[in-house]
Amino acid sequence: MSTNAKETALRRQKQLLSHLKGESAETDPKEQIKQVAVYGAGIMGGGIAQVVAQAGYKVTLWDIQQSDIDRGMQTIRNSLERLSKKQEIDPTSVLRRISTTTSQIQAAHAADLVIEAIVEDLKTKQQLLERLDKVAKPSCIFATNTSSLLVRDIAKTVSGARKARTVALHFFNPVAIMQLVEIANADGALLDLLKAFVRDIGKVPVVCRDTPGFIVNRLLVPYNNEARQMVERGDASIEDVDTAMRLGAGYPMGPFELMDMTGIDVGYHIMKGWYEGASGLQGDPRFKPSKEVEQMIKKNHLGHKTGRGYYTYTK
Ligand code: 3HC
C-alpha cells in the first residue's frame, strides 16, 4: 500500500473509531483543505510546513530568497530524520509533499489555507496579506502565526469577505514537538474546521480571544522578563534561575534557555510592540524595553541561531 493510501485508511479508521465511541462526527478537514501555502521558511514557517506535510497535506513553502528556503528545507530534513528514529515516518514521502517557491503569487493561488509565519512586523504582514488577497481563492482561509499582534490589525488590508476568514493559528517552537496550536478570531463552521485541521496534524487546539500574545505568550513574556530583571538586580545567577525553574517548577527549560531558543530579538520585539502600542498594554512597565537586551541584539547575541545568547552554543 502506498504511504498516501495508508494515511487515508488510517484517517478513515480514526473517524470510524470516534463514531463507534459515540463521539460527535468531526468535519474531515481534508475535504476542504487540500493545498496549504506557508509563508516564511524560518524556524516557525519551516516547522509548520513540516507538520502539515507529515499529516498528508500538500504544502508550498515560500520565502524571499532561495537561500532562505534551502536553509529551511535542511532544518526540515534534519527534524524528519530525528523523528523517523522513533516514529513511523517516511521522510521521503513527507518531503515529496512540500514544494517551494520564491513567487508569492504562485504559492497562494491554489491554496485553501495560507499560513503566514513571516517577520513579526505589522506593516510587512499587512502588505503580504493585501497582495495575497488579490490572487487567492475567495474560499481560502488566511491564518497568521503572529506571536504578539492582533489578527484584526493584520487583516486590515484585506477585503471584507476575507476578513471573516482571517484567523490566528499560533504554533510553538519546536513545532515538530510542541503539541499546542492556539486559534483566535474564528467561530462557527470556520472554527470547527480549524479545530479539526489542528487535530488532523497531530496537535491540540485551544481557542482564545484576539488579544496580544493570546494565552501562552501573554503569560510567558512577563515571566521571562521577570527572570531577566531578577538576574539584573543580582538576586540569582542565570544558571541558578534556570535550574530552579526546571527542578522546582518542573518546566522543561529555564527561562534563559527558553529565551535563547525562541530568540532574544523575538522576545524583545514582542515587548517593545506591546509597550509602545498594544491596546491595554501600552506603557505597561512590565514590558519596558531593556537596555541590556538592546546591547545583546547589537552584538548579535540572539540565542541558538547565532551561537550566543545568555549561553554559548557550539554546533
Ligand atoms: N525535530 C524533531 N525532533 C526534535 C526536535 C525537532 N525540531 N527538537 C527536539 N526533538 C526531539 C529530540 O530528538 C528528543 O527526542 P528523544 O527523546 O527521542 O531523544 C526530544 O525531542 C527531546 O529533545 P532533547 O532531548 O533535545 O531535549 P529536551 O528533552 O529538553 O526537549 C524541548 C526539548 C522539547 C524543546 C523541551 O525542552 C521543551 O519542551 N522546552 C520548552 C519549549 C517551549 O516552551 N516552547 C514554546 C516557546 S514560545 C513559542 O514558541 C511562541 C512563539 O510565538 C515565540
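User: A polar contact is a pair of N or O atoms within 3.5 Å; within protein, one must be able to donate a hydrogen and the other to accept it, and residues adjacent in sequence count only if both atoms are side-chain atoms. How far is an oxygen atom of the ligand from an N or O atom in the side chain of Lys86?

Analyst: This is a predicted model, where local features need pLDDT of at least 70, side-chain atom pairs need 80 or more, and totals for chains, interfaces and linings use all residues. Residues are numbered from 1 along each chain as its sequence is written, and side-chain values use heavy atoms, without hydrogens or water. For Lys86, the side-chain N or O atom and the ligand oxygen are separated by 2.5 Å.

User: How much of the ligand's accessible area does the protein cover?

Analyst: Accessible areas come from the Shrake-Rupley method with a 1.4 Å probe; for residues, only the protein chains shown count as cover. On its own the ligand has 1,100 Å², and the protein covers 65%.

User: Which helices each supply at least two residues of the shell around the ligand?

Analyst: The shell has 19 residues, each with a heavy atom within 4 Å of the ligand. Helices are DSSP runs (H or I, at least four residues) and strands are E runs of at least two, numbered from the N terminus. At least two shell residues come from each of α4 (66-84), α11 (216-232) and α13 (255-262).

User: Where is the cis peptide bond?

Analyst: Most peptide bonds are trans. Pro174 lies in the loop between β6 (166-170) and β7. With omega about 0 degrees, the cis bond joins Asn173 and Pro174.

User: What is phi of Asn185?

Analyst: Most residues other than glycine have a negative phi. Asn185 sits in the loop between β7 and α10 (188-200). Its phi is positive, near 70 degrees.
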